[in-house]
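I opened this model to look up a strand, a helix and the nonpolar cores. My entries follow in the order of looking.

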Amino acid sequence: MDTESTHSGYSYHSSRSGRSNRHGDRSRERHKASSSKDSSRSERSVVINPPDTPSQESPVHNGEPLPGEPTSATEQGEEGQDDNWGETTTAVTGTSELSVSQEEVVGLGKGIQDRTQSFRRYLPLAVGLFVGLLVLATPMLFLLLPVVMWPDRLQTCGAACEGLFLSISFKLLMLLVAIWALFLRPGRASLPRVCVYRAFLTTLTLLLTMSYWLFYGVRILDPQQDEDYHGIVQFAVSLVDSQLFVHYLAVVLLQLRQLQPCYSVCVIRSTDGETRHYNIGQLSIQRAALSILEYYYRDFPLHNPALLSASKHRAAKHLAGLKVYNVDAPGSTAGAQAGNGNQSRAMATAAAKRKDSAHNELYYEEADYERRVRKRRARLVVAVEEAFTHVRRMKKEDERATPSDIMDVHEAALAIFPSMARALQKYLRTTRRQHCHSMESIQKHLGFCLINNMSPKAFLEAYLAPGPTLQYGPERWMADQWTLISEASVTSGIKQGSEFLLRCLDFSLAINVKSIPYIRLTEEYIDPKSHKFLLLLQSETSV
């Protein structure tokens with residue numbers, strides 16, 4: 001091309017000799033389009049200074065035009081050129097003054113998430129307290145406002161009216177206790193969505209209260225100001241009765257409706273296939289997931305990823321013995337291909353034999369593992385029995401010793417723990433459960449068994465078989481790391497064929513819902529006389 005070339009600011013300053021022709025006419029429009037977006041970059045910003053609008057921070061322009069700067073006619077000629085300027089654009093990158101590090105971004109997101117979780121956790125409690133105070137304060141305000149606003153014009157309250165005072169007092173006390181028992185309980189979990197029935201009951205309560213306030217303001221707090229105080233007290237009593245019925249409806253919807261089992265759920269752990277079956281009632285998906293997690297912490301054994309490493313190691317060992325050859329690779333000669341083909345057939349034959357003997361390897365591996373576990377278990381049982389026998393012997397000696405020489409339970413646990421520590425450690429390592437028990441927890445459990453005079457078998461029961469998740473420390477619970485995955489809305493009720501997933505860090509729980517079948521019982525009558533029989537004995541018997 002014979003057209004005149006121009007230079008961008010950066011290319012002219014850095015490499016004036018070699019690249020001035022390549023960064024020419026077609027890069028100017030790219031510089032103009034991107035110069036308006038250089039102020040909003042997160043961590044690394046792209047700053048492009050066009051020649052026609054020099055930047056104050058540029059070390060090149062300094063308020064003077066660049067050599068060979070095109071005129072307006074040249075700029076008009078650039079509009080008719082092609083747009084293949086992406087390969088010749090020069091960009092100057094640098095850290096923006098408004099940029100933040102990745103750690104700050106992560107910390108900011110975590111802070112926002114924590115505040116959001118706290119807000120979602122305490123918002124239902126705040127709404128419940130507000131509605132409860134409104135429900136309890138409204139009847140008392142109905143009774144106090146006429147006494148405060150027009151006391152001289154009110155009619156006297158007779159015996160029937162005073163009896164209504166007693167009735168409303170006890171009803172408000174019962175309503176207060178009922179609200180405390182049903183609603184003011186510590187939350188067990190934080191659900192992803194709002195409970196539909198709770199939202200319905202809250203809306204119904206607010207609607208009922210606002211309706212009574214509207215009627216009270218129109219018919220009683222009008223300019224005439226009703227003088228019948230007995231009618232006002234009856235109006236307050238009717239409000240308390242309505243609130244008691246709403247609370248009864250809350251008990252039915254939130255507690256009684258889910259008691260009758262309607263569905264059978266199958267819970268499968270994804271890693272080891274541990275399966276349990278439970279019967280639940282009419283629940284939403286999120287409430288059913290919460291109930292299943294409570295059952296999981298009670299019934300499922302602790303998830304141990306170390307037990308899964310053996311099968312993975314065996315599969316990796318089997319795959320490591322297989323080799324793949326590309327006999328059709330370019331550049332390989334016919335002789336080399338023939339030799340590789342013979343070697344490949346030999347390797348395939350060896351791999352087939354190894355595959356046939358894989359079940360034998362698995363059998364002997366499991367047999368050897370069971371043998372080692374039984375051996376370690378026998379040594380552990382003997383060591384614990386000897387330690388407890390020593391404790392019983394020392395206990396008898398302490399009965400004859402002076403009070404100053406008597407050892408407390410904690411000191412006795414520390415004294416006998418070294419005699420069984422090595423056997424217990426080897427057994428836990430063999431069963432791959434050494435990370436589930438710390439030395440402090442073992443000593444604490446040992447002291448608990450000694451205080452309550454338990455047998456060695458009772459002490460070993462916590463270590464010979466994996467227990468439920470709640471038996472171990474809170475660091476094993478992972479209670480704040482569950483995610484509910486469902487195609488249907490989590491506020492909808494479960495039904496036949498519903499499936500959802502509870503995912504944790506290392507595993508997940510797959511839940512399948514099936515309806516309990518309708519059982520039809522029939523009665524069959526059996527005549528009591530059909531059970532009678534007659535025994536005939538011969539009069540002549542052998543002597």
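I took buried as under 20% relative accessible area, exposed as over 50%, and partly exposed as in between, with a 1.4 Å probe and protein chains only. I took helices (H or I, at least four residues) and strands (E, at least two) as DSSP runs, numbered from the N terminus. The model is predicted; local features need pLDDT of at least 70, side-chain atom pairs count only at pLDDT 80 or more, and totals for chains, interfaces and linings use all residues. Residues are numbered from 1 along each chain as its sequence is written, and side-chain values use heavy atoms, with hydrogens and water left out.

Entry 1, strand β3. I looked up burial in β3 (residues 263-269) and found 5 of its 7 residues buried, so the strand is largely enclosed by the rest of the structure. I then looked for its partners, counting two strands as paired if DSSP finds at least two bridges between them. β3 pairs with β4 (residues 275-280) in the antiparallel sense, over 6 bridges. Val265 has Tyr278 of β4 as its bridge partner. The two strands form a hairpin with 5 residues between them, and Gly273 in the turn has a positive phi of about 75°. β3 also pairs with β7 (residues 508-515), antiparallel, over 7 bridges. There I noted Asn512 of β7 as the bridge partner of Cys266.

I checked the span of α13 (residues 439-451): its 13 residues reach 18 Å from first C-alpha to last, close to the 18 Å expected at 1.5 Å a residue. The expected span is 1.5 Å times one less than the number of residues. I listed its buried residues as Ile442, Gln443, Leu446, Gly447, Cys449 and Leu450. Seen down the helix axis, they fall within an arc of 160°, so they line one face of α13. The arc is that of the directions from the axis to the C-beta atoms. On the other side, I found Glu440, Lys444 and Ile451 exposed. Just after α13, Asn453 takes a positive phi of about 55°.

I defined a core as a set of buried Ala, Val, Leu, Ile, Met, Phe, Trp, Tyr and Cys residues joined through side-chain atoms within 4.5 Å. The largest has 26 residues, of which Phe142, Ile168, Tyr229 and Val233 touch the most other members. α4 (102-149), α5 (159-182), α6 (196-219) and α7 (229-256) each supply at least two residues of this core. α7 gives the most, with 9 residues.
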